[in-house]
Amino acid sequence: MTQELTGVKIADRVYWVGAVDREIRNFHGYLTSRGTTYNAFLVLADKITLIDTVKAPFYDELMARISSVIDPAKIDYIVSNHSEMDHTGCLPRVAAAVKPEKVFASQQGRAALGEHFGAGLEVVAVSDAQALDLGSDKLSFFETRMCHWPDSMVSYLHGPGVLFSQDAFGMHLASAERFDDELDASPLEHELAKYYANILMPLAAPIKKALAKLTGSGLDFKLVAPDHGPIWRRNFPRVLELYERWSGSRRTRKAVVVYDTMWQSTRKMAEAVGDGLTAGGATAVVMPLEGSHRSDVATEVLDAGALIVGSPTMNNQIFPTVADVMCYLQGLRPAGLIGAAFGSYGWSGEAAKLLSCMLDAMKVEQVAEPVRAKYVPSAEDLSACRELGAKVARRLTEAYPVRFATPPP
Ligand code: FEO
């Protein structure tokens with residue numbers, strides 16, 4: 001049986017017409033365990049307006065959902081809030097089919113769309129705080145540069161009070177439900193944190209600026225409709241609170257110990273580091289890379305106060321999985337971390353020193369020289385690892401007295 005693809009009414013004369021991608025697991029390096037959605041919205045004002053489109057392979061789904069509401073040829077305007085191709089991949093094809101009067105984007109969005117799709121797609125640039133008259137309603141645009149790309153903007157529909165927030169406040173979560181109050185809050189908060197950690201963490205300063213702009217606007221956000229995941233109808237205040245916390249790099253007395261191992265030696269060292277952390281009053285999250293994805297490590301680092309990294313030396317280098325996660329974390333630029341490095345080796349033992357250099361490059365405050373163990377860690381080596389964990393715990397206690405972001409029930 002073919003699934004019926006219909007638009008979903010989310011407010012008076014506003015419909016969700018996006019696509020659900022349940023199968024995606026790799027979103028440019030981010031493990032999307034619960035799939036995702038590419039949200040697009042149809043506004044049935046006098047000037048019928050489509051807000052964003054979807055990833056190219058989902059063109060038919062978008063058009064089917066629009067067609068369940070209106071004839072797509074009746075669309076007057078298309079607004080592109082963000083030019084990344086998960087939201088614009090099928091924009092040229094939609095524009096060719098619909099022949100809208102105008103396609104709107106921010107100044108930077110106009111340039112980016114031209115660079116993506118060439119001169120065939122005519123785009124009108126709008127400026128910050130500009131309003132677009134839709135006849136029976138009004139749409140206002142607000143630039144939110146670097147949330148997520150330089151072109152990013154959000155649009156606010158005045159009548160029903162809907163903020164179309166593109167990537168901001170979104171998450172990778174495929175579901176049949178369209179609203180936050182139809183879903184369990186716990187996975188929602190986890191996926192919101194994972195999205196922030198993996199997509200938005202390096203952009204804290206522009207996010208703070210965008211939050212100040214939106215909260216200072218005086219607008220009433222009855223619905224907040226991001227381009228991924230559910231629409232916020234009930235709990236947007238909690239989302240704002242979390243974004244304030246994350247963009248402010250508010251950290252806790254939690255240490256992430258991430259490692260990989262060849263012959264269990266670095267694993268034994270990691271466990272000893274974890275024991276030292278716990279004995280010192282910190283929370284230890286020990287993550288073997290055999291089974292932990294880089295994007296899950298980033299999610300744990302989001303509110304952690306410390307990052308401790310372990311690797312065996314292989315061919316004079318860091319173990320490849322550890323190098324991968326460190327390269328990824330370096331790009332996400334977590335601020336204010338305390339840390340340390342450790343690792344086992346057989347001959348020359350470069351890995352722990354190389355990790356220490358990478359932590360320096362990330363501006364991580366290291367509490368001690370790297371701890372290294374030859375072949376198999378001795379009782380003294382494991383004691384040194386416990387002491388390393390304890391040192392990090394002491395420094396964490398000084399720097400970040402809050403143990404848990406959310407106190408246990
Ligand atoms: Fe969902 Fe930055 O694109």
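These legends go with close-up views of a predicted model.

**View A. Helix α9 meets helix α10.**
Here we look at two helices, α9 (residues 294-301) and α10 (residues 320-332). A pair of packed helices is described by the angle between the axes and the distance between them. In this pair, the axes come within 10 Å and cross at roughly 45 degrees. The crossing of α9 past α10 is right-handed.

**View B. Who touches whom between α9 and α10?**
On the α9 side, look for R294, S295, V297, A298 and V301. Their partners in α10 are D324, V325, Y328, L329 and L332. Sorted by class, this contact has 7 nonpolar, 1 polar and 2 charged residues.

**View C. Helix α12 and its buried residues.**
Helix α12 runs over residues 379-399, which makes 21 residues. From first C-alpha to last, α12 reaches 30 Å, close to the 30 Å expected at 1.5 Å a residue. Which residues of α12 are buried? They are D381, L382, C385, L388, G389, A390, V392, A393 and L396. And what do those buried residues pack against? Look for one helix, α8 (265-279), along with the strands β17 (254-259), β19 (306-310), β22 (338-345) and β24 (371-374).

**View D. R93 and its contacts.**
You'll find R93 in helix α3, which covers residues 91-98. Because its relative accessibility is 48%, R93 counts as partly exposed. Leaving aside residues up to four places away in sequence, R93 touches Y59 and D60. Now try finding A373: R93 and A373 are 280 residues apart in sequence, and their C-alpha atoms are 59 Å apart in space.

**View E. S249, a positive phi in a loop.**
S249 sits in the loop between α7 (236-247) and β17. Its phi is positive, about 50 degrees, although S249 is not a glycine. Is S249 exposed, partly exposed or buried? With 26% relative accessibility, S249 counts as partly exposed.

R333 isn't a glycine, yet it has a positive phi of about 50 degrees. The relative accessible area of R333 is 54%, and since the cut-off for exposed is over 50%, R333 is exposed.

Key:
Residues numbered from 1 in each chain as written. Predicted model: local features only at pLDDT ≥ 70, side-chain atom pairs only at ≥ 80, totals over all residues. Heavy atoms only, no water. Axes fitted to C-alpha atoms, helices over the stretch in contact; angles between N-to-C directions. Helix = DSSP H or I, 4+ residues; strand = E, 2+ residues; numbered from the N terminus. Left-handed = near helix turned anticlockwise from the far one by under 90°. Contact = heavy atoms within 4.5 Å. Nonpolar A, V, L, I, M, F, W, Y, C, P; charged D, E, K, R; others polar. Expected span 1.5 Å × (residues − 1). Buried < 20%, exposed > 50% of the residue type's maximum accessible area, 1.4 Å probe, protein only.
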